[in-house]
Protein chains: 2
Amino acid sequence: MKLRVKLVGLEVGGKLIIIMNNEDADDLGIRSGARVRIQYGKKFITSIINVTKKLVSKGHIGVCEEVKTRLNLKGNEEVDVDVAKFPTSLQFIKNKLNGRKLSYEEVSEIVKDTVEGNLNESEIAAFVAALYTKGVDIDEAASLTCAMVESGETLKLNKKIIVDKHSIGGTVGDKTTMLVVPIIAASGLTMPKTSSRAITSAAGTADKAEVLMPVELDIQEMKKVVEKTNGCIVWGGALNLAPADDIFIQVEYPLSIDPLMFPSIMGKKRAVGANHLVIDIPTGRGTKVKTIGDADLLAKDFIELGQKIGIKTQCAITYGEQPMGYAVGPALEAREMLEVIMRKRNVVDVIDKACHIANIILKMVGKEQNALQVLKSGKAEEKLREIIAHQGGNAAVKPDDIKIGDYGLDICAEKSGYVLWMNNTGLIDVARAAGAPKDKGAGLMLHKKLGHKVEKGDRLFTVYAEKARKLERVRKITDENGVVGVGDRVEMLIHEVTQVPVHKKSFILER
Amino acid sequence: MKLRVKLVGLEVGGKLIIIMNNEDADDLGIRSGARVRIQYGKKFITSIINVTKKLVSKGHIGVCEEVKTRLNLKGNEEVDVDVAKFPTSLQFIKNKLNGRKLSYEEVSEIVKDTVEGNLNESEIAAFVAALYTKGVDIDEAASLTCAMVESGETLKLNKKIIVDKHSIGGTVGDKTTMLVVPIIAASGLTMPKTSSRAITSAAGTADKAEVLMPVELDIQEMKKVVEKTNGCIVWGGALNLAPADDIFIQVEYPLSIDPLMFPSIMGKKRAVGANHLVIDIPTGRGTKVKTIGDADLLAKDFIELGQKIGIKTQCAITYGEQPMGYAVGPALEAREMLEVIMRKRNVVDVIDKACHIANIILKMVGKEQNALQVLKSGKAEEKLREIIAHQGGNAAVKPDDIKIGDYGLDICAEKSGYVLWMNNTGLIDVARAAGAPKDKGAGLMLHKKLGHKVEKGDRLFTVYAEKARKLERVRKITDENGVVGVGDRVEMLIHEVTQVPVHKKSFILER
C-alpha cells in the first residue's frame, strides 16, 4: 500500500511509531499495535501502528520524529507500507515463557529486535516477565550481557588492565565512587567510570559529580579524559552503552522486578572494557539485600558471571542500614566528599568504605599502594581536581563554593534516648520531597547517627530545599512517618497484622 | 502543575494517553510511560504520558481523543497535572509473578485498573505473562470471569432458562452456530448468541451472519430481537460485554498464548445471562487441541468452571481435521448454510455437527424435540428468517442473492490418488489471501474432501476473490505450500530435522 508521509512532530522515546487512518488499517487488515514494514527508497524499517480516525486522513501516514530520522524523510514522500511478518524473536520469547533455556543466538535476536523497534512494549514486557518467572541461568545471563554490549557503543582503550567498581545501590548518601576513582587513578590504574542518575534514590553518582563538573560526555570525550587522567566520572546514560537496558528498565521499574540486573551491570562494565571489577553489595534492613546470606549468594552469581565473560570480579558486602556520612542530596554529598578528600573532615564511615573498596581493587591487580595513604597524601585530591579540569569543571572548587538550598527545616527528637534505627526509604522520601535529585541543593544533613545519645528537642537532621514550598511536603512526611527512631530500647512488637496486608516493598533500582 | 490543554486529534484505541513537553516532565521528575493524574473541575483521570520536545510546548499538555471525551475538554482549558501514585493492582501483579494465588478482590482491582487505563501496556502484558507462566487455577478463573463481567455491560432477560453454545475455534468453515440458533429458538428456548469476527481465521460467525443481516446491534437492540424471536446472532464486539478482554487479547495474540481463554469465554456467556452452555472443542491435527486426551482435560476445566459460576456446562469434542462442508469465507459459508437450512442441499458433516450440538442443549434442559426434525420440518428456516427480519436483514433472502467474488482460480491435483490430508492453516491462508474476511465474497469452495478419489488434473478447490490481483498471492501460496495432499498413501517421513528448528506454531485465536 502506498501512503503519503505526514510529519506529526511527536517523539516517542526512541520507539518507531506511525499513525494510520482507520480505513487504511482496515484495508491491510490490522489494528493498533500491529507491525508494519515501511519502505522508502532502499531504506526500510519495522514500525508499530496507531490507528486514528482524525489526525491522519486516508492515504496518508503520520510518522513520529524517530521514523522521520531513520528513513530520512522530509514530509509528503510516498512510502510503501505492508504488514510485517511477526519477528522470529517472538517465538523465542514464547519459548522462555514455556520455561525453555535461551541460546545466545536467540537472546541476541530478542535484544536486537528490542533496540530496533521490532518488538512492541507488550512483547518486551512479556519477555522481562518470562525472565523473572522462569529465572535467568548463568549461560543466559552471559548471553544477555554480550548481546546488550553488541547492541550499543563500546569504549576502546589501549590498556591491558582496566578496573571498575559498581554498587548495586541501596546505601543512602553513598559517596564511595567519587573517592575511589581518584584514589585508583592516582595509583596509576585506569578506571573509566560511568555512573547513573537517581531513579529511585535521592542522588545518583552522576547527579553528585555534576555539582563539580559536566558529566554528559560522549564516548569520544570520555576517552580523551581517561587517556589524560586515567579516570573519569561520567553519566552512563549519555553514552548509549546498552540501549536495550534503557528499554527493559521501563518494564522492570513499575513492577519492581529486575531479572536483568546482572546483564545490565556487567554489560556496561564490559562495554567500557573493564577486566577487573569490584561489586559493592550494601546489605541490611532498608537496602536491596536484607541478609548476609542473600548477599553471599548474589556475590557468587556476580563472580561466576564475571568468569564467564572475562571480567575478574570480587565483591564487597557492606553495611547499609544507615546513610554513609552525614550528607544526603547531590550538592550536600559532593561537598562532604570534597571535605573528606581535602582532609578537612574525618568522616569515618565514608573513608572506611571507600578505602576498603579501593584496596580490594589495588590488591586484585597486584598494586602495593594503600588507599588510605593515597588519600592522606593529597594525591587523590590532586587527581580529582585533574579529572574535574578535563571534564570541564572548576578544578579549584572549594567546599564553600557549592551552593546548598537556602531554605532549611530542622527535625528534632520528640523524646530523649538513643538513635535506634533510621528508615532509609523515609530519608530518601524526605530528600526527594525537598527537591532532590533535580534541585541539586536539596537534601538533608544528619546531626545524629545510629547509637548516638539524644536529648528531647535535639536536632536529628536538617532538611535543605531550593524552594520553600517543598518543605511543607517534607513536614507532612516527617509528621506521618517516623524517619529516625529514638528511644531507650527497641519495642518488641514490630507491627500487628489484623487483616490481609498489601505488601508494599520499596524498590531501589540502581544499576 | 497547571498545564494548558492542546487537542492533538489522536485516537489510541481506548487508551488514555497525554503528551507532555520534556521540560514539564523533568519538572515532575517523570518520563515516558509514567502515570499522571489529570484533574479538570471535579473530574479526574489517570493517564500515561508520552514525552515530546516539539509537538507540545512547555506549559501545555497534548491530549488524545479518549482523554478529551473523558474529561469533556474543548481545548485551551487549564488542567491540574500531578504524578499519580502506583496503583495497588501493580503489587497484585507482582504477587502473581511470584506465584501467589490471586484473590477475587485482587483480580477485580487488576481488571478495573486495566479497563480504566491505570495500568500501562507493559504492566498488563506482565500480568498476562504471569498468568501464563504461573497458571490460572479454577478459583482465579472464576474470579477473572466475574471481574470481567462486572467491568462491562450485561444483558438482562426475564427468562428462567437461557442457553448458549460456544466453539473454541479451529474448524475451518464452521457454520454450526448459524444452524443451532434457529433450531434452538424454534424449539422454544432462548439463545442470545453473541459471536466474534475473525481474528486469525477466514471468517468469524459474525462475519458470516453479516452477509444476511446487520450484526452490530447494541445491547438494547439485541434484547428486543431476543424478546421477539427467542434468538439472535450478533457481533459481541459492539456490546462492550468484557472490555478488559479486548485489552488482554492484544497481548495474547502476538505471543500466541491465551491464559485468559476460560474467563474470556465464560465471562461473555455470563454477561448475556446464560445458565446452560455447550462448548464445542474441535480436535485433531490443524486445530487448537491436537489430541482427544487434551480435549477431555479442557472439557473438564470448562465444566468445573461452569459449576463454580453457576452455568451448567457440557462439552462436545468434535472432529476438526478438515473444513466443515465445502465452503470457506463469509459469503460462501452463509450461502452453504442457507442451502442446508432450506433443505436444498444435504451437506452431511454440517448437518451432523449442528444437530448433535443442538440435541445436547435440548437434552440438558429436558426438551423432547429432535434437532434434525426441527431442521427438516422447515421450522428452523422459518426461525432464521424471523431473526434476519428483526435484525434488519432481508427475510426473503435466497442463496443466489448472496454475492460471491467475480474472480476465480481453480487449484487442481498434480497427480492421481486419494485426498490424504488437508492443511487447515493453509486453507485459511488461501482464503485470507483472497480477501476474506474483509471482502465478504472472497474464500474457497472445496470440490473434494478427505478420502475422495482424485484424478490428475481434477479440481481440488476453487478460490474466489473480489479483486483479481488478490489471486496472485493465492497462486504463490498454493505453489509454495501443499494445502491439500493427494497420493496413494501417506509418506512415512513427516520431516527431517537437520538443525535446531524454530518452532512456528500457527495460533487460532477465537473466543
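## Exercises on a predicted two-chain model

D139(A) is partly exposed, because 15 other C-beta atoms lie within 10 Å (a residue is buried with 20 or more such atoms, exposed with 12 or fewer, and partly exposed in between, C-beta atoms being placed from the backbone). This is a predicted model, in which local features need pLDDT of at least 70 and side-chain atom pairs count only at pLDDT 80 or more, while totals for chains, interfaces and linings use all residues. Residues are numbered from 1 along each chain as its sequence is written, and chains are lettered from A and ligands numbered from 1 in the order in which they are written.

**Exercise 1.** Find the helix that holds D139(A), then compare its sequence and spatial separations from T177(A).

*Solution.* 
- Step 1: D139(A) belongs to α6 of chain A, residues 138-150 (helices are DSSP runs of H or I with at least four residues, strands runs of E with at least two, numbered from the N terminus).
- Step 2: Between D139(A) and T177(A) there are 38 residues in sequence and 30 Å in space, C-alpha to C-alpha.

**Exercise 2.** Work out how helix α17 (residues 424-433) of chain A sits in the structure.

*Solution.* 
- Step 1: Of its 10 residues, 8 are buried, so α17 of chain A is largely enclosed by the rest of the structure.
- Step 2: Those buried residues are N424(A), G426(A), L427(A), I428(A), V430(A), A431(A), R432(A) and A433(A).
- Step 3: They pack against β12 (327-328), β14 (417-422), β15 (443-446), β17 (459-465) and α18 (470-480) of chain A; contact here requires C-beta atoms, placed from the backbone, within 7 Å.
- Step 4: After α17(A) comes G435(A), with a positive phi near 125°.

**Exercise 3.** Describe the side of chain B that touches chain A.

*Solution.* 
- Step 1: Chain B brings 43 residues to the contact and chain A brings 45 residues.
- Step 2: On chain B, β4 (43-52), α3 (88-97), α5 (121-134) and α10 (243-255) each give at least two residues.
- Step 3: The largest share, 10 residues, is from α5(B).
- Step 4: By type, this side of chain B has 20 nonpolar, 14 polar and 9 charged residues.

Terms used
Contact = placed C-beta atoms within 7 Å. Nonpolar A, V, L, I, M, F, W, Y, C, P; charged D, E, K, R; others polar.
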